[in-house]
Amino acid sequence: MIKNKRHKIALILITLAIITVSFTESNSYVKTPILSRSKIHNRNNIAKNKKDKIKHKPKKSKYNGYKKVNLKLTFYTDLSCENTEEYGGVDAIGNKLTFGTVANNYYPIGTEIKIGDNNFTVSDRGGNGFNNYYNLDVFIPREYGENDDNYYKRINSMGVKEVVGYVKN
């Protein structure tokens, strides 16, 4: 802080001298960066400028090599009424349906997707509603001892969930 008027006047005179010298040494006005005493001692101004520059950079994905995507999830069972009847509870590449299996027609087979703490892999195909990047049909396994009717009702009562996921590039 400036303690008295003499220091304040001296600072103003020095600032004016710098501007005058800059102007007279060249025939045109040269913009000379001059820091006022308050800006020299207030380091927060400098920090705010750096933060502003950083703020405009694109955010990196939470996971390296993955693209952030808003997804709509639906859920399906291994019952023949929800799958190709002749194949039953297998995915598009012939493996038994397991937790982590996702059906989608847009992504190539083998595409990895992270949703929350779970990892999923596109290894099945779905109907026409899955020809885009955001609709996924997630396989949910049967609970131990669950009959077909209860299994079907439980999964189909889960509805549609909108979540943020990360798709491997």
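Guide: What follows takes the strands and then the aromatic rings. This is a predicted model, in which local features need pLDDT of at least 70 and side-chain atom pairs count only at pLDDT 80 or more, while totals for chains, interfaces and linings use all residues. Residues are numbered from 1 along each chain as its sequence is written, and side-chain values use heavy atoms, with hydrogens and water left out.

Visitor: In what order do the strands of the barrel run?

Guide: The six strands make a closed barrel in the order β1-β5-β2-β4-β3-β6, with mixed pairing; from one strand to the next the twist averages 45°. Strands here are DSSP runs (E, at least two residues) numbered from the N terminus, and two of them pair if DSSP finds at least two bridges between them.

Visitor: How many bridges join β3 to β4?

Guide: Four bridges join β3, residues 112-115, to β4, residues 118-124, and the two run antiparallel. K114 stands opposite N119, and E112 stands opposite T121. Two residues lie between the strands of this hairpin, where G116 takes a positive phi near 60°.

Visitor: And which residue of β6 is the bridge partner of I115?

Guide: That partner is G165; β3 and β6 (residues 161-168) run antiparallel and are joined by three bridges.

Visitor: Switching to aromatics, how many pairs does a search of the whole structure find?

Guide: The search finds seven aromatic pairs, where rings of Phe, Tyr and Trp (its six-membered ring) pair if their centres lie within 6.5 Å, and planes under 30 degrees apart count as stacked, over 60 as edge-to-face and the rest as tilted. One of them is formed by Y63 and Y66, which are edge-to-face at 6.0 Å centre to centre with 65° between the planes.

Visitor: Why is the pair of Y63 and Y166 edge-to-face?

Guide: The ring centres of Y63 and Y166 are 5.0 Å apart and the planes lie at 80°, so this pair is edge-to-face. It links distant parts of the chain, with Y63 in the loop between α3 (43-55) and β1 (66-76) and Y166 in strand β6, 103 residues apart.

Visitor: Is Y166 buried or exposed?

Guide: Y166 is buried, with a relative accessible area of 12%, whereas Y63 is partly exposed at 22%; buried means under 20%, exposed over 50%, and partly exposed in between (1.4 Å probe, protein chains only).

Visitor: Which residues do ring pairs link into a cluster?

Guide: Ring pairs link Y106, Y107, Y133 and Y134. Y133 sits in the loop between β4 and β5 (135-139) and is partly exposed, with a relative accessible area of 41%.

Technical notes: Axes fitted to C-alpha atoms, helices over the stretch in contact; angles between N-to-C directions.
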